[in-house]
Amino acid sequence: MDVAVADVLAVHQLYGRQSHAIDSGRAADWAATFTSDGEFRSPSYPAPSSGAAELIAFAERFHAQCATSGEVLRHVISTIEVLPAGPDALHARAYLQIIGTPAGEPSRLHRLTRIDDELVRTSSGLRIRRRTVHRDA
């Protein structure tokens with residue numbers, strides 16, 4: 001089953017908005033790319049973050065750690081595949097690179113991961129219900 005071009009573009013816009021939000025310290029904007037009960041799971045962190053308050057706190061901690069380290073981190077999402085998952089749902093898979101640039105030094109790759117997202121249509125557009133991050137073994 002094909003996915004409408006408008007849906008593919010909406011996923012790309014969502015990922016762009018999300019990456020720019022977390023990288024610039026806009027924690028509430030990052031959390032708003034998830035549903036109100038959304039969940040973020042990553043092997044890089046000890047426990048999942050669920051719900052708006054936990055997602056905001058996660059993004060605040062992430063940005064604070066970057067500020068403390070003096071390193072600028074950028075999330076780069078690419079090779080996005082969007083699949084149908086129901087009448088008001090999509091599944092997206094992509095690669096996520098986190099690139100760090102310490103002050104006065106060259107950039108370096110922190111992580112190269114895969115993301116699996118369950119996306120749902122809301123009155124505010126597509127939102128992530130659940131993101132699962134995978135590291136290659």
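This is a predicted model: local features need pLDDT of at least 70, side-chain atom pairs count only at pLDDT 80 or more; totals for chains, interfaces and linings use all residues.
**View 1. The largest cavity and its lining.** A search of the whole structure finds one cavity of 30 Å³ or more. Its lining is made up of 18 residues, and those that lie nearest the centre are Phe40, His75, Leu96, Ile98 and Arg131. Two or more lining residues come from each of the elements H1, H3, S3, S4, S5 and S6, with H1 giving the most, namely three residues. Sorted by class, the lining has ten nonpolar, six polar and two charged residues.

**View 2. The largest nonpolar core.** This core has 29 residues, and Val11, Tyr15, Trp30, Phe40, Leu90, Ile115 and Leu119 are those with the most contacts inside it. Among the elements that give two or more residues to the core are helix H1 (5-23), helix H3 (51-69) and strand S5 (108-122). In soluble globular proteins, nonpolar side chains tend to be buried together.

**View 3. The contacts of Phe40.** When its neighbours within four places in sequence are left aside, Phe40 is in contact with Trp30, Phe34, Tyr45, Pro48, Ser49, Leu55, Phe58, Arg131 and Val133. Phe40 and Arg131 are also among the residues that lie nearest the centre of the largest cavity.

**View 4. The open sheet and its edge at S2.** Six strands form an open sheet with mixed pairing, in the order S2-S1-S6-S5-S4-S3. Strand S2 (49-50) and S3 are the edge strands, each of which pairs on one side only. S2 pairs with S1 in the antiparallel sense over two bridges, and Ser50 in S2 stands opposite Glu39.

How values were computed:
Residues are numbered from 1 along each chain as its sequence is written. Side-chain values use heavy atoms; hydrogens and water are left out. A nonpolar core is a set of buried Ala, Val, Leu, Ile, Met, Phe, Trp, Tyr and Cys residues joined through side-chain atoms within 4.5 Å. Buried means under 20% relative accessible area, exposed over 50%, partly exposed in between (1.4 Å probe, protein chains only). Helices (H or I, at least four residues) and strands (E, at least two) are DSSP runs, numbered from the N terminus. Contact means heavy atoms within 4.5 Å. On a 1 Å grid over the protein atoms alone, a cavity is a set of points where a 1.4 Å probe fits but cannot get out, and a pocket is an open set with protein on both sides within 12 Å along at least five of seven lines; lining residues have an atom within 4 Å of a point. Grid points are joined across faces, edges and corners, and a volume is the space filled by probe spheres set on the points. Ala, Val, Leu, Ile, Met, Phe, Trp, Tyr, Cys and Pro count as nonpolar, Asp, Glu, Lys and Arg as charged, and the others, Gly among them, as polar. Two strands pair if DSSP finds at least two bridges between them.
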